[in-house]
Amino acid sequence: MIKFLHTADLHLGKVFHEQSLIEDQDHMLSGLIEILKDESYAALLIAGDVYDRSVPSPEAVELFGSFLVKLKRMRPGIEILVIPGNHDSPVRLGFGRELFAGLGIHLAASAADAEKPVVIENGGGSCAFFLLPFSGHARLTAETAARLEEARCLCAASGIRHSVVVAHLFATGGSETGSERVFLGDAERIDMGIFAGFDYAALGHLHRFQRAGKNGWYSGSPLAYSFGEAGNEKYVLAVTPGGGTAENGKEKAALVEPLPVKPLRRLVRIRGPFKRFLSPSPDDAELLDARNDYLEITLDERRFAENALALLRKNFPFLLSINQEEAFAALEKTLRVPGAVSARKDLAGSFEDFLRFLYGSADGAKAALFRELEREKEGENP
Ligand SMILES: [Mn+2]
């Protein structure tokens, strides 16, 4: 039997709240290399979004290049199969692909590439891999899938036992995390029935690990890329086509084993009053644990904490985001008070109210400056 590792949505070069994630991604790729030391893996599949941008940063290109070199030096026989996702430029990602194919690095760049499968054979069997680059159009994808099905039947007739399709798409019924870029709405959703003939569909695009239809699986991104994913376990998938149990008396399904990915730094969300974070108590285990994590703090007070990010970063060097939505909601309410609306006639008075709301009192110098500016403005428009 043929076993491979399935991942997707690496988003190399991603900058998250102004923080480069290159170190985290380097750590994650080292983890993949550790897993792939096991010679029972015949291939690595990357189902799109290798990079975060169609013009990736030099650091991202360097990172992916050195990953390929390290992996191939360690396991010269391993096949590496890559498709472009919606974040990748197929041409840039596919640079030198005719040369790389000879080294067992298969970079799909067009739908035409998809019809020529990469066939992997070892002592235990054979499997044809069809690499389908991202298209974003459900109708085009369905047309290509029909041609792939013909090619798959030819493979099966020639004795190739198993077949896998690698695709980057939004399967009908899938659930998002908030870090995908979804733009066409329903028009780009794909019914997984179009890949029913394959043993396994290795999917990318949705960042949450999930099953899609009978034979489709999203590995999910190996790292969390939005605070909405804080606390979600991340995986890469060890897959053996035909290695699972038979369903409904039919041919055996693929065996899918999720392997947890341990990130260099977690993404963590914590709520509390400003004081909790400014002078953390030594008994506050949740806070102490999060000290070296990427942190989003939600301040649950009605009063604004000024300059909060800079002040709290002294305690939490990887604090990336501060959420003061309660203070904003309170402010909005204040501005909706009838008195506040009629105060339009007295702009300077409203400004003083606003200062009082923010800081508890109005700074006389700021209020005076405001009145002066207001007078100047009136002078311009008699
Ligand atoms: Mn993605």
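Modeller: In this predicted model, the manganese ion has as its protein donors Asp9 (OD), His11 (NE2), Asp49 (OD) and His207 (NE2), which lie 2.1 to 2.4 Å from it; donors here are N, O and S atoms within 2.8 Å of the metal (3.2 Å for Na, K and Ca), and since water is not among the atoms, sites may look incomplete. Along the sequence, these donor residues follow the spacing D-x1-H-x37-D-x157-H. The two histidines link distant parts of the chain, for His11 sits in the loop between β1 (3-7) and β2 (15-16), while His207 sits in the loop between β12 (200-204) and β13 (210-212), 196 residues apart. Strands (E, at least two residues) and helices (H or I, at least four) are DSSP runs, numbered from the N terminus.

Both His11 and His207 are buried, a word that stands for under 20% relative accessible area, with exposed meaning over 50% and partly exposed in between (1.4 Å probe, protein chains only). The phi angle of Asp49 is near 60 degrees, a positive value in a residue other than glycine. A positive phi is also found at His205, where the angle is near 120 degrees, again in a residue other than glycine. His205 lies in the loop between β12 and β13, and is buried, with a relative accessible area of 1%.

As for the whole, the protein chain contains 13 helices and 19 strands. Its radius of gyration, taken over C-alpha atoms, is 27 Å, well over the 21 Å that the globule rule gives for 382 residues, so the chain is more spread out than a compact globule; that rule is 2.2 Å times the number of residues to the power 0.38. The C-alpha atoms fill a box of roughly 85 × 50 × 45 Å along the principal axes, and buried residues make up 46% of the 382 residues.

The model being predicted, local features need pLDDT of at least 70 and side-chain atom pairs count only at pLDDT 80 or more, whereas totals for chains, interfaces and linings use all residues.

Terms used:
Residues are numbered from 1 along each chain as its sequence is written. Side-chain values use heavy atoms; hydrogens and water are left out.
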